[in-house]
Amino acid sequence: MLLIPCPWCGPRDEAEFTYGGQAHVPYPRDPAALTDEEWARYLFFRDNPKGPHAERWCHTISCRRWFNVVRDTATNEVLAAYRIGEAGPVIS
Amino acid sequence: MPRQLPSSAHPFRLPTGGRIDRSRTLTFRFDGVAYTGHPGDTLASALLACGVRQVATSIKLGRARGVFGVGSEEPNALVRIEAPYAEAMVTATTVELCEGLVAFGLPGRGRLPDGPDPARYDAVYAHCDVLVVGAGPAGLAAALAAARTGARVVLADENGELGGSLLGRGAADDWGARARDELAGFPQTRVLRRTTVFGYYDDNYLLALERRTAHLGAAAPAHVSRERVWRIRAGRVVLATGAHERPIAFADNDRPGVMLASAARAYVHRFGVAPGRRAVVFTACDSGYPAALDLAAAGTEVAAIVDARPQAGLWAQRARDAGLPVRAGHAVTGTSGDPCLTSVAVRELRDGEPTGPVAVVDADTLLVSGGWNPTVHLFSQAGGTLRHDPARVAFVPRECRQAVEVVGSAAGAFTLAECVADGARAGARAANREATEADLGHVLAPPPDPDDIGGGAPPVPLWLVPGPDEPRTHFVDLQRDVTVADLRRATGAGLSGVEHLKRYTTAGTAHDQGRTSGVLTTGVAAHLLGVEVSALGTTTYRPPYTPVPFAALAGRDRGALHDPVRVTALHDQHLARDAVFENVGQWKRPWYYPLAGEDMAAAVARECRAAREGVAFMDASTLGKIDVQGADAGVFLDRLYTNMISTLKPGRIRYGVMCRADGMVLDDGTVLRTADDRFLVTTTTGNAAAVLDWMEEWLQTEWPQLRVHCASVTEQWATVALVGPRSRDVLSALAPQLPSSSDDFPFMAWRDTRVAGVAARVCRISFSGELAYEINVPPWYAPHVWEAIARAGAPYGITPYGTETMHVLRAEKGYPVVGQDTDGTVTPQDLGLGWAVSAKKRDFVGKRSHARADTARPDRKQLVALLPDDRHTLLPEGGQVVADAPLPAPPVPMLGHITSSYRSTALGRTFALALVRGGRERVGQRIYVPVGSVLVPVTVAEPVLYDPEGARRDG
Ligand SMILES: [Zn+2]
């Protein structure tokens with residue numbers, strides 16, 4: 001059970017959150033201008049790193065805010081949490 | 001000569017000693033025989049005191065087995081408890097004796113009790129600065145040092161008493177008692193006895209099972225939950241989980257009478273029980289000697305100490321000084337008995353091979369010490385890595401990213417002084433302070449340790465004593481009956497990793513999770529493979545450390561509390577009309593309302609007729625409702641719905657479909673414009689929360705600049721659907737101010753008015769094709785309005801109807817239900833809802849995907865109706881659709897499947913909706929639905945079977 005630091009509420013149990021997949025995959029500005037392949041890349045392709053991974057979480061049963069987390073997928077360590085619109089940290 | 005033990009009901013009970021209450025006697029039954037014991041006994045110690053050697057039989061081979069250990073490491077003595085509580089399979093060593101206990105030995109596996117478990121179980125949350133697991137010397141020291149700093153401390157131990165290896169050991173026990181007393185004085189410290197920490201998860205989240213009442217037997221108070229699961233979030237964790245002694249694989253090492261040396265000591269000290277009359281001790285480390293000396297002091301004759309090490313050192317000298325015969329450089333090569341141990345075969349050990357003549361030593365007890373395995377299970381679960389320490393012949397903790405420290409013998413420290421000092425330092429450190437000498441003051445000064453004689457001889461790795469025959473009785477895992485021969489077969493088959501060997505042989509997979517067998521398996525396998533033990537490593541330890549009943553995990557979340565039950569404001573009205581309910585998500589919805597003598601089909605046919613021919617009403621309150629407000633609300637809804645919403649006029653209603661970005665249908669419903677900057681969106685019952693989440697996700701993550709707010713108002717409105725050609729007559733009587741003509745109150749419009757005197761919002765929406773209204777009122781007025789409708793409709797034979805009739809009516813009209821006729825792979829176009837997909841809008845979520853090659857291809861599965869040739873055949877929902885009869889050879893191409901299937905009163909026949917490949921092109925064609933061994937012929941039809949012209953919606 002991860003302890004996730006909600007930027008609005010503080011650290012809370014993972015069970016209060018829902019997972020939203022990889023972060024920083026913006027909705028394309030003009031989908032109609034994209035080729036099928038470019039659109040498919042937006043729809044279906046996500047990174048699957050072993051190590052730090054920026055991902056979206058929503059504090060569903062509390063403040064209901066979406067925010068971003070950098071989590072090491074190998075150790076489950078939460079390296080950072082930041083609000084939507086804020087720049088993510090540089091993880092070396 | 002041995003001191004004569006008292007021959008009584010307790011032939012093996014020592015005259016003094018043990019932490020038992022000899023002033024009280026408890027009666028119990030084992031395998032149908034009555035025995036007695038004392039408070040403080042476990043079932044195992046009481047059986048041993050009574051001279052019961054065989055407790056169970058083994059799982060595969062049915063071999064006789066006795067008590068082997070003293071705690072949760074026990075692999076042999078499995079029992080079923082029948083009274084005063086029921087347990088399917090527990091170890092006799094962990095069952096605290098209580099009055100009236102009834103237990104039976106098991107043949108290796110248990111059987112669940114027949115009846116439901118009447119006990120209550122519970123869950124508790126705890127947060128602490130320091131969690132200490134294990135209350136032996138290291139754990140007590142750690143907890144004390146942490147508690148003295150004022151930290152919030154939780155100390156958990158699986159036994160009934162704190163003290164671990166100190167228990168019953170004179171001056172050392174007094175030290176433990178002082179530590180226990182001091183801990184009890186800290187208000188911030190919580191001591192959990194009979195509590196096994198069984199799982200260690202991310203970010204120092206640990207689960208523990210507290211057994212609260214079993215030891216009280218029939219005296220357990222009814223208001224106390226039987227067991228509860230502690231969910232503990234700890235700042236830092238100190239693992240003082242101790243070590244388990246390791247057996248050695250030799251021939252017939254499983255006979256009743258063979259026991260771990262440390263267990264035998266514990267029976268003497270903690271329970272005042274002699275494990276036998278005449279013992280042989282077989283050891284590969286110093287631990288066998290103090291056990292031998294303690295047994296001798298307790299009156300058991302020690303016939304021989306067999307030490308695998310040629311140079312046995314200081315301890316051997318001590319034993320010889322005490323008159324105990326020591327055979328250094330020897331090994332036990334086998335045992336005899338029928339089935340309980342009567343003699344032991346001993347031979348010289350040279351380069352790991354038994355050699356020379358066999359000495360047969362009479363003995364009823366054989367103590368074994370192959371060395372020690374630090375109990376690293378929780379550390380390993382936490383993600384910690386292990387390393388092999390060749391000097392200690394043990395796997396010890398290496399490192400872990402979590403805030404955890406391992407102390408005492410769990411970390412490989414085996415003297416009492418080391419354990420206490422180690423624990424105290426870690427406890428203080430865990431509480432964020434370096435321990436000073438003052439912290440480690442008089443109570444933490446190490447207790448006297450009779451085992452510490454200032455230098456012993458190093459242990460040797462001894463896993464296997466070969467011979468004399470095939471190693472078919474050289475047991476590695478007693479609980480799984482896995483032998484060296486099994487391991488040899490596995491390595492012979494080419495398996496060379498411990499994880500594979502474990503799965504191939506099942507070694508380490510039993511209820512004891514390989515506590516005694518795990519490292520031995522590695523050792524024997526390394527020997528067979530000719531590799532280093534360090535290279536082979538251990539298998540991964542996973543939760544739970546000890547078995548946890550499902551009932552305890554479920555806690556209170558069962559029966560009515562398993563999941564919230566939602567009922568509408570009209571629930572009592574439905575009960576009064578004898579509704580049969582169905583679960584829709586968490587909601588209880590009326591399914592149908594049978595009259596006396598009616599079955600479901602008759603009730604639904606009657607309800608359908610009322611809606612089509614007269615008037616009927618239903619509770620539609622469970623539909624999700626979302627209030628969408630803000631200056632940009634129209635823009636926002638345009639982006640989420642496939643059709644145009646912003647052009648809707650206040651007072652009007654539009655049907656809308658939402659897609660995911662991949663173009664598949666997410667939900668559908670109606671949108672009411674209630675003001676220029678305000679909409680009321682309805683969703684399907686099951687998707688109410690998901691659609692609100694969906695809206696919030698887009699608003700927060702993609703369009704934060706939009707001025708829009710959403711709120712769920714599902715439970716702020718109760719909704720009654722009034723349906724049928726006479727619905728206008730009923731409503732006119734109740735809402736005289738409402739325009740009755742379709743010109744003034746057209747289809748897909750809403751009006752605020754009063755219904756039965758109550759402020760109401762009335763919508764002209766139809767999910768049946770008939771003239772229909774949806775009447776929305778605040779929920780506390782709903783019963784009044786419902787009953788008023790019932791009275792006003794009585795002259796027209798108004799009939800309440802449930803979800804089954806609703807489904808028949810909507811399916812006759814070809815209206816799909818999201819989640820029933822769709823499954824996340826269906827586009828609006830597939831459903832025939834292309835008319836609701838805007839071609840004009842530049843974009844909406846899902847639009848780009850509708851132009852993908854895959855979503856645009858003509859042979860996609862499309863929603864059509866299927867009409868069975870036989871008008872009475874009801875097709876099964878989920879049934880497959882195929883093109884040809886008879887069936888071609890497999891694999892048979894599947895055209896699709898049936899999503900909805902009903903009997904229609906209006907059509908006078910059965911019908912179904914189905915998703916069929918290229919379905920619209922197949923209208924009029926004959927295809928087939930395999931049902932069992934029969935191919936049911938059906939004809940494909942347009943999905944709107946009833947009133948395709950839409951002539952009935954205005955009444
Ligand atoms: Zn929050």
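Visitor: Which residue meets Arg63(B) in a salt bridge of 2.6 Å, N to O?

Guide: This is a predicted model, in which local features need pLDDT of at least 70 and side-chain atom pairs count only at pLDDT 80 or more, while totals for chains, interfaces and linings use all residues. Residues are numbered from 1 along each chain as its sequence is written, chains are lettered from A and ligands numbered from 1 in the order in which they are written, and side-chain values use heavy atoms, with hydrogens and water left out. A salt bridge is a side-chain nitrogen of Lys or Arg within 4 Å of a carboxyl oxygen of Asp or Glu. By that rule, the side chain of Arg63(B) is paired at 2.6 Å with that of Asp254(B).

Visitor: How many residues apart in sequence are the parts that Arg63(B) and Asp254(B) tie together?

Guide: Helices (H or I, at least four residues) and strands (E, at least two) are DSSP runs, numbered from the N terminus. Arg63(B) is in the loop between β3 (56-57) and β4 (64-65) of chain B, and Asp254(B) is in the loop between β14 (243-245) and β15 (258-260) of chain B, so the parts joined by the pair have a sequence separation of 191 residues.

Visitor: Is Asp254(B) buried or exposed?

Guide: Buried means under 20% relative accessible area, exposed over 50%, and partly exposed in between (1.4 Å probe, protein chains only). Arg63(B), at 22% relative accessibility, counts as partly exposed. Asp254(B) has a relative accessible area of 2%, so its class is buried.

Visitor: Which residues are linked with Arg63(B) and Asp254(B) in a network of salt bridges?

Guide: Side chains of opposite charge can pair when their charged atoms come close. Besides Arg63(B) and Asp254(B), the network takes in Arg65(B), Asp252(B), Arg255(B) and Asp481(B).

Visitor: Which residue pairs with Asp632(B) in a salt bridge, and how exposed is that partner?

Guide: The side chain of Asp632(B) meets that of Arg707(B) at 3.1 Å, N to O. Asp632(B) lies in the loop between β32 and α16 (633-640) of chain B and Arg707(B) in the loop between α17 (688-701) and β36 (709-712) of chain B, so the pair ties together parts 75 residues apart in sequence. Asp632(B) counts as buried at 13% relative accessibility.

Visitor: How many residue pairs are in polar contact between chain A and chain B?

Guide: A polar contact is a pair of N or O atoms within 3.5 Å; within protein, one must be able to donate a hydrogen and the other to accept it, and residues adjacent in sequence count only if both atoms are side-chain atoms. Across this interface there are also 6 salt bridges, including one of 2.5 Å, N to O, between Arg64(A) and Asp693(B). With both residues at pLDDT 80 or more, the count of polar pairs is 20.

Visitor: Which residues of chain A lose the most area to chain B?

Guide: Contact means heavy atoms within 4.5 Å, and 25 residues of chain A are in contact with 25 residues of chain B. Buried area is the accessible area (1.4 Å probe) that two parts lose on being put together, summed over both. The two chains bury about 2300 Å², 46% of it on carbon and sulfur atoms. Together giving 29% of what the side of chain A buries, the residues are Met1(A), Tyr27(A) and Arg64(A).

Visitor: Which backbone nitrogen does the side chain of Ser621(B) reach at 2.9 Å?

Guide: Ser621(B) is in the loop between β31 (616-619) and β32 (624-629) of chain B, and it is buried at 5% relative accessible area. Its side chain makes a polar contact of 2.6 Å with the side chain of Asp619(B). The backbone nitrogen reached at 2.9 Å belongs to Thr719(B).

Visitor: Which residue just after α9(B) takes a positive phi?

Guide: Helix α9 (residues 484-492) of chain B has buried residues, among them Val484(B), Leu487(B) and Ala490(B). At its start, a side-chain oxygen of Thr483(B) reaches to within 3.2 Å of the backbone nitrogen of Ala485(B). Just after the helix, a phi of about 100 degrees is taken by Gly494(B).
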